[in-house]
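Biologist: Could you take me through this model and tell me where each label comes from? I'd like to see the cut-offs behind the words.

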Amino acid sequence: MGTATSFQAASQQARSGVTYPCSSPVRVLFAWLEEEYEHPNPWRDKKLHRYSAPPQGKPKTLSSEFVTDCLKVTGNGNPRVRDFETTRDHAIIRVLTEGLRSEELLNLRVQDLDLHGHTLVVVPLKGDRNSQDGRTIPLQPKTVKALQRYLRAREEHSLSQGPWLWLGTRNRNRLRYSGLYRMVKRRAEEAGYDSAEVSPHSYCHTWTDDLLSNGVSGENVMAIRGWKSPAMLRRYGADQASRRAVDAVHNLGDRY
C-alpha cells in the first residue's frame, strides 16, 4: 500500500470515529500503520526523544515573601537610607519586578525614564535608540519613588553626567551583568535565602505570574513584554499555571 493511500485510509477511519493517541497527520498515519500492519511506529524511536520538551524543572517564580524580604534588606524604600549602593540595589530590584530582562535593565539610560508618567522605555537591544521602536513599561508607584531616590544618590557619583542609569560602586563605571548577578545573589543571602534559588531572570517569571494572577489579560502581558507568540506567555507562566487556575475557580465561590 502506498503512502498516499495509507494516509487516505487513516484519515477516513479517523473521520469515521476511529481515534489515535496523536494529533498531527503524520502521527495519525504512523499510529494507523502500527495498528493495522504492526509496522514499527517511528514516532516511538528513542532517537526522536532528544527533540521532545525537557521535563519541567523546579519553579522559577519567586514567592512574594522572597521579593519582600530582598526589598527589606535594601532599605525597603526608607528615605533615611541614602548610601549609594543600598539605594541603587533597592531601585534595581524594584525595576526587576517590572519584568525587564537583565540586558534591558542594564542598557537603560537616564533619558529612558519618564517618572512623571510612571513609565520607562525599553529600547530594542539590537535597534537604535529611536523611542518609537521601544516598549513602554508601566511602573509601580514604589518603583518610581525608588528610582527618584536613586537618581538623587547618583548625583554624587563621579560619572553622574554619563548616560547610563546604573553605575558601579566606588565611582566605577556602568554596572555590568556580573555585578547585577552577584548583587541579586548577595541580597538573597542577606534576606536568609539560598542564593542558588534566584537569578535576575527569576524576576521575569515572577512578573508574569503577578500580572496573570491579578487579572491582567495575556494580551496585555504580551504587549508589555514585546512577545509576538503566545508560546512565550505559556513558557513564563508555566510553573504557576495550575495554582492560578485553581485560584480562579475558587474565586467564583458557589456556582449553584
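Modeller: Starting at the N terminus, the elements of the protein chain come in the order α-α-α-α-α-β-β-β-α-α-α-α-α-α. That makes 11 helices and 3 strands. Helices (H or I, at least four residues) and strands (E, at least two) are DSSP runs, numbered from the N terminus. Bear in mind that this is a predicted model, where local features need pLDDT of at least 70 and side-chain atom pairs count only at pLDDT 80 or more, while totals for chains, interfaces and linings use all residues. Residues are numbered from 1 along each chain as its sequence is written, and side-chain values use heavy atoms, with hydrogens and water left out.

Biologist: What makes α8 largely enclosed by the rest of the structure?

Modeller: The count does: 9 of the 12 residues of α8 are buried, so the rest of the structure largely encloses this helix. The buried ones are Ser202, Tyr203, Cys204, His205, Thr206, Trp207, Thr208, Asp209 and Leu211. Their cover includes α3, α4, α7, α9 (218-225), α10 (230-236) and α11 (241-250). Just after α8, Gly215 has a positive phi of about 90°.

Biologist: How do you know that the span of α7 agrees with its number of residues?

Modeller: The expected span of a helix is 1.5 Å times one less than its number of residues. For the 14 residues of α7 that gives 20 Å, and the end C-alpha atoms are 20 Å apart, so the two agree. α8 reaches 17 Å from its first C-alpha to its last, close to the 16 Å expected. In α7, the buried residues are Gly179, Leu180, Met183, Val184, Lys185, Arg187 and Ala188. They pack against α3, α4, α5 (102-106) and α8. After α7 comes Gly192, with a positive phi near 95°.

Biologist: What makes a group of residues a nonpolar core?

Modeller: Such a core is a set of buried Ala, Val, Leu, Ile, Met, Phe, Trp, Tyr and Cys residues joined through side-chain atoms within 4.5 Å. The largest one here has 47 residues, and Leu105, Leu120, Leu147, Trp166 and Tyr203 have the most contacts inside it. Helix α4 (residues 84-96) gives the largest share of this core, 6 residues. Leaving out neighbours within four places in sequence, Tyr203 is in contact with Leu62, Phe66, Val67, Cys70, Ile93, Leu96, Thr97, Val184 and Val198.

Biologist: Why is one space called a cavity and another a pocket?

Modeller: On a 1 Å grid over the protein atoms alone, a cavity is a set of points where a 1.4 Å probe fits but cannot get out, whereas a pocket is an open set with protein on both sides within 12 Å along at least five of seven lines; lining residues have an atom within 4 Å of a point. Grid points are joined across faces, edges and corners, and a volume is the space filled by probe spheres set on the points. The search of the whole structure finds 1 cavity of 30 Å³ or more. The volume of the largest cavity is about 70 Å³. Its lining consists of Thr74, Gly75, Gly77, Asn78, Val81, Thr87, His90, Ala146 and Arg149.

Biologist: And what lines the largest pocket?

Modeller: There are 22 lining residues, and Val67, Thr97, Gln140, Thr206 and Asp210 are the closest to the centre of the largest pocket. The volume of this pocket is about 420 Å³. α8 gives the most to the lining, with 6 residues.

Biologist: How do the residues of that lining divide by class?

Modeller: They divide into 8 nonpolar, 9 polar and 5 charged. Here Ala, Val, Leu, Ile, Met, Phe, Trp, Tyr, Cys and Pro count as nonpolar, Asp, Glu, Lys and Arg as charged, and the others, Gly among them, as polar.

Note on methods
Buried < 20%, exposed > 50% of the residue type's maximum accessible area, 1.4 Å probe, protein only. Contact = heavy atoms within 4.5 Å.
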